[in-house]
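I opened the notebook to look up how two chains meet. I start with a single residue and then turn to the interface.

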2 protein chains.
Amino acid sequence: MLPRPLTKFIELFSKVPGIGPRQAHRLAFWFLKRDVYAFSMALKDLADKVSVCKQCFFVFDPSASSGQEQPTTCSICRNPNRDKTTLAVVEKETDLISIEKTKKYPGLYFVLGGLFSSTGRNGHEIRLKELSQRIQNDKNLGEVILALSHTAEGDLTAMELEKIFNQFKHLKITRLGLGLPRGAEVEFADEDTLANAIQSRR
Amino acid sequence: MLPRPLTKFIELFSKVPGIGPRQAHRLAFWFLKRDVYAFSMALKDLADKVSVCKQCFFVFDPSASSGQEQPTTCSICRNPNRDKTTLAVVEKETDLISIEKTKKYPGLYFVLGGLFSSTGRNGHEIRLKELSQRIQNDKNLGEVILALSHTAEGDLTAMELEKIFNQFKHLKITRLGLGLPRGAEVEFADEDTLANAIQSRR
């Protein structure tokens, strides 16, 4: 009963995480009343104008470089002022962005692309081989921060990575500190968090 | 720090209802790893290949018609087997789809495009003038069903529409029946619903 382009749209967008068939229906009719060309172009530009860094797997805009040749690494990896001795391994790109916003981390990154879970790897996109190669080839590194979430999957992944890193004896392996989040009230903190906060007191 | 095409995407898609800045970020990185051309094309086709019916304001695919000339009305309005004496006024396109799925309504539709609310019209897109004209010009009509939600806004809109319809003395104006939804347990039904169910017993 619906026009073919609408059912096509709904079918496609139903598969996007966070958008089910119901919201896809609503989106289709919302877009119908708007200038969809801007949205269509914004999507296309993601494929045409965004590259993935060969070194850390974060994204960058190759055309934004001032040099003659198009770069293959991102602006963080190319920045001569970053600390080349520290590498933060993050699960995903948005984690890197959150850490950059703190302005407290001067080092480099590696975007792992996923976490291990008790039922296997999530999404099968974890860049284990690439991470091993990076650590093997990068002679500057002195510390690897496993900047993963303090969840069951984050902990499991950290354990798996530590196994791999055991062969690199010169490396210091650390994780993000545990404690009370800013704004948290002691009364309502769970036992585990409070215990960690006491141990990491400063 | 993010490539311009990514920030552009996030900026645009943050404005879509149901998608905030956070989900727009996540979507951007999700799309980056996929074939976005299909999605981009699906969006563009909404504008290029979907028309709005001049009579009921539902959507249709003009190229799907077998005739020589491209039609200006949808397949429901053009269907000679539909009951031309009954018109169901619905708030939005997805309501029409829900009613069509019941296969219990043989009549025609009018998509109002919004509801009145206590703070004014929602979205300023309510097609009051078009509805009046439709009713004035369509001499076949005998009944108008105000197929609006039984919410405060639906009730308010029904009241406003009834005021307008008062001038058409020959028309029977009805609303959707009130009662218990399928699967509901009497014990847990609210008083209002239960009272309505008793009154509409059959």
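**Notebook: one residue, then the interface**

I looked up the contacts of A:T73 (contact means heavy atoms within 4.5 Å): leaving out residues up to four places away in sequence, A:T73 touches A:C53, A:K54, A:Q55, A:F60 and A:R78. This is a predicted model, where local features need pLDDT of at least 70, side-chain atom pairs count only at pLDDT 80 or more, and totals for chains, interfaces and linings use all residues. Residues are numbered from 1 along each chain as its sequence is written, chains are lettered from A and ligands numbered from 1 in the order in which they are written, and side-chain values use heavy atoms, with hydrogens and water left out.

I checked burial next. A:T73 counts as buried because its relative accessibility is 15% (buried is under 20% relative accessible area, exposed over 50%, partly exposed in between, with a 1.4 Å probe and protein chains only).

I moved to A:Q23. A:Q23 is buried too, at 14%. Beyond residues up to four places away in sequence, A:Q23 touches A:G18, B:P17, B:G18 and B:I19.

I then looked at the whole interface. I found 48 residues of chain B in contact with 48 residues of chain A. The buried area is about 4500 Å² (the accessible area, 1.4 Å probe, that two parts lose on being put together, summed over both). Carbon and sulfur atoms give 80% of that area.

I ended with salt bridges (a side-chain nitrogen of Lys or Arg within 4 Å of a carboxyl oxygen of Asp or Glu). The rule finds 2 across the interface. B:K33 forms a salt bridge with A:E93, with the closest N and O atoms 3.4 Å apart.
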